[in-house]
Amino acid sequence: AIASGQLLVGGGFSSLNDLPRRRLAAYDLASMQLTDWSPQVEQDTFVSIGPAITSILPHADHVFIAGNFYQVGGQARSNLAKVDLASGQVLDWRADVNGRVEAIEVAGDHLYAGGSFSTISGAGRPYLGRVGVDSAAVDSWAPQPSFRVNHLSANSSALYVSGWFDSIAGQGRRGAAAFSLPAGELLPWNIDAFVSSTGLPR
């Protein structure tokens, strides 16, 4: 992701350019030199599969990160966190997710999250849910796809969701669905996508 003149990168690394950078770092776009920005993300490599960071989403003066981790900047954060874009400090905002987060998207006042989980902040939100961008509060929107969500994308009027599901919001939708914004109502749009072994609709 690119924000504030920086290239933000995430992965399974513990150092970059011989400097300690645990799974999240930034390069200055002008010089391509590693910056001091270093949120320090921790992953339990004994039980976790896949990269610690799956999504980096800059928003205003901060950045949302998602993936498969248990700690950011020495603070407990489960798979979703909000980090200051200037300092790299983890912010008080907290919406813990009990499984891997594959995708995040901001639309209006909400951060949408999809993945392989069943709860957000203790509320039942299997595979897909949303929280306040500022408050981290979970609201009543609960579309309950039948299985994992892999991708999210939004424009001014709709949120598009894709993944391994064959039903969502109580209606048949195979591999892809769309919701109105900001209401979050399921739209008639239905491409009946075949889901490949990679989890991508075709």
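In the predicted model, R94 and D96 are joined by a salt bridge whose closest N and O atoms are 2.8 Å apart. R94 is partly exposed, its relative accessible area being 40%. This bridge belongs to a set of six salt bridges found in a search of the whole structure.

A salt bridge also connects the side chains of D139 and R130, with an N to O distance of 2.7 Å. D139 has a relative accessibility of 23% and counts as partly exposed, whereas R130 is buried at 8%. In a further salt bridge, between D192 and R174, the closest N and O atoms are 3.2 Å apart. This pair links distant parts of the chain, 18 residues apart: D192 lies in the segment after β21 (176-180), and R174 lies in the loop between β20 (171-172) and β21. Both residues are partly exposed, D192 at 46% relative accessibility and R174 at 39%.

F64 and W93 pair edge-to-face, with 5.1 Å from centre to centre and 65 degrees between the planes. The two residues are 29 residues apart, with F64 in strand β8 (residues 62-67) and W93 in the loop between β11 (80-84) and β12 (100-107). Both F64 and W93 are buried.

F147 and W164 form another edge-to-face pair, at 6.4 Å centre to centre and 80 degrees between the planes. F147 is partly exposed, with a relative accessible area of 37%, and W164 is partly exposed at 31%. One aromatic cluster is formed by Y112, W141 and F179.

Definitions and conventions. Residues are numbered from 1 along each chain as its sequence is written. This is a predicted model: local features need pLDDT of at least 70, side-chain atom pairs count only at pLDDT 80 or more; totals for chains, interfaces and linings use all residues. Side-chain values use heavy atoms; hydrogens and water are left out. Rings of Phe, Tyr and Trp (its six-membered ring) pair if their centres lie within 6.5 Å; planes under 30 degrees apart count as stacked, over 60 as edge-to-face and the rest as tilted. Helices (H or I, at least four residues) and strands (E, at least two) are DSSP runs, numbered from the N terminus. Buried means under 20% relative accessible area, exposed over 50%, partly exposed in between (1.4 Å probe, protein chains only). A salt bridge is a side-chain nitrogen of Lys or Arg within 4 Å of a carboxyl oxygen of Asp or Glu.
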